[in-house]
Amino acid sequence: MSTDMHGQADMSDGIFKDNCITQVAATICALLGAGSLSEAGDASSLSEAGDASSLSEAEGADKASSALKASAARPLSSVLTAASSAFSGARCDRVFMYNPDAIAWWLYQKYKAYFAPLETGCVEAVRPLSKDSGADKADAAFKAGGAPLMLEMCSVVPPKTPVCFASMYSGLTPEEHGIRKYEKPVLTVPTIFDALPAAGKKVAIVSTAGDSISLIFLNRPVDYFIYKTKQECNEKALELILEDRYDVIVLYNGDYDYWMHRVTPTGFMARRALRENISTYCTLRDAIAENWQQHKTALAFAPDHGCHAKFGIPPGDHGEETARDMNIAHWWSFL
Ligand SMILES: [Zn+2]
């Protein structure tokens with residue numbers, strides 16, 4: 001056998017390769033018709049699906065494409081295909097992003113029962129359209145009845161919170177957006193919080209004081225709802241859903257990460273936070289289903305990176321280029 005068949009396992013073994021969190025920014029823009037669809041070849045099924053407001057959307061897209069950087073990663077084709085199937089080719093007019101912190105792929109594997117409420121009828125591990133028939137599976141499932149779509153996602157290096165959310169909402173690599181370690185400067189590169197308002201979208205950020213999402217996206221033409229506690233954030237998010245004033249809502253919950261660092265990723269308080277994150281998302285999803293019936297909504301449970309247990313202080317951590325810290329799952333629903 002050749003030696004390369006027995007090559008020593010390197011640290012990046014098993015890290016997901018097909019989908020990266022950098023693709024979320026362009027996905028959100030494309031779902032709303034507020035991105036540079038001409039650059040997103042995969043999005044042709046959406047761009048061909050014209051409707052009555054397509055002219056104004058095209059104008060918005062032009063404005064937004066100048067606001068979102070050209071080097072931003074391409075949209076997730078599976079998500080666009082699923083949305084197109086769910087809404088018969090029409091665009092979304094609402095996006096709700098739920099960002100729990102540090103929910104690793106391996107946690108999903110270990111505690112599948114916790115995730116069951118996210119997964120009823122779920123389509124697993126759908127690959128990009130060009131790679132295999134995953135998109136066809138998604139298409140069939142969504143035509144059949146709106147099952148959630150689960151995607152294996154890769155985080156960015158180093159997998160630390162401000163680095164990851166900067167990539168998720170700018171579409172850029174850490175080298176491109178400039179946050180390459182645990183620091184929280186206000187980003188100077190274009191993000192969805194620039195591109196979406198430029199396309200006429202109203203955006204709300206709901207997050208806890210001092211955390212990455214509350215700080216690195218400041219000075220944008222969006223509304224910030226920053227509170228001391230997770231409970232206040234979640235109550236505000238529910239209130240915003242009922243008021244129906246925003247096209248896009250981003251909600252951050254950092255409690256799993258907080259407990260994971262202190263009691264290990266599988267400690268009692270961490271597992272309680274994980275269950276609460278899933279329950280919060282499902283509560284908000286149900287509120288959207290009930291109160292946004294006149295809208296076409298894409299919503300996602302979208303963590304930033306994974307985590308691992310270790311000996312020493314702290315007993316839980318993340319930040320390494322390993323499958324445990326890099327591999328996560330995102331769940332998308334279309335209501
Ligand atoms: Zn994080």
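Colleague: How do helix 12 and helix 14 run, roughly parallel or roughly perpendicular?
Modeller: Helix 12 (residues 230–243) and helix 14 (residues 268–291) pack at about 10 degrees. Angles under 35 degrees count as roughly parallel, so these two helices are roughly parallel to each other. This is a predicted model, where local features need pLDDT of at least 70, side-chain atom pairs count only at pLDDT 80 or more, and totals for chains, interfaces and linings use all residues. Residues are numbered from 1 along each chain as its sequence is written.

Colleague: How far apart are the axes?
Modeller: The axes of helix 12 and helix 14 are 9 Å apart. They are lines fitted to C-alpha atoms over the stretch in contact.

Colleague: Which residues meet there?
Modeller: From helix 12, Asn234, Ala237, Leu238, Ile241 and Leu242. They meet Thr280, Leu284, Ala287, Ile288 and Asn291 of helix 14. Contact means C-beta atoms, placed from the backbone, within 7 Å.

Colleague: How many of those are nonpolar, polar or charged?
Modeller: The contact of helix 12 with helix 14 has 7 nonpolar residues, 3 polar and no charged.

Colleague: New topic. What share of the protein is buried?
Modeller: Buried residues are 54% of the 335. Buried means 20 or more other C-beta atoms within 10 Å of the residue's own.

Colleague: Which residues have the most contacts inside the largest nonpolar core?
Modeller: Ala25, Cys29, Ala83 and Leu196, in a core of 94 residues. Such a core is a set of buried Ala, Val, Leu, Ile, Met, Phe, Trp, Tyr and Cys joined through C-beta atoms within 7 Å.

Colleague: What does Ala25 touch?
Modeller: Leaving out residues up to four places away in sequence, its contacts include Leu68, Ala72, Met168 and Ile192.

Notes: Buried ≥ 20, exposed ≤ 12 C-beta atoms within 10 Å, placed from the backbone. Contact = placed C-beta atoms within 7 Å. Axes fitted to C-alpha atoms, helices over the stretch in contact; angles between N-to-C directions. Helix = DSSP H or I, 4+ residues; strand = E, 2+ residues; numbered from the N terminus. Parallel < 35°, antiparallel > 145°, perpendicular 65-115°, else oblique. Nonpolar A, V, L, I, M, F, W, Y, C, P; charged D, E, K, R; others polar.
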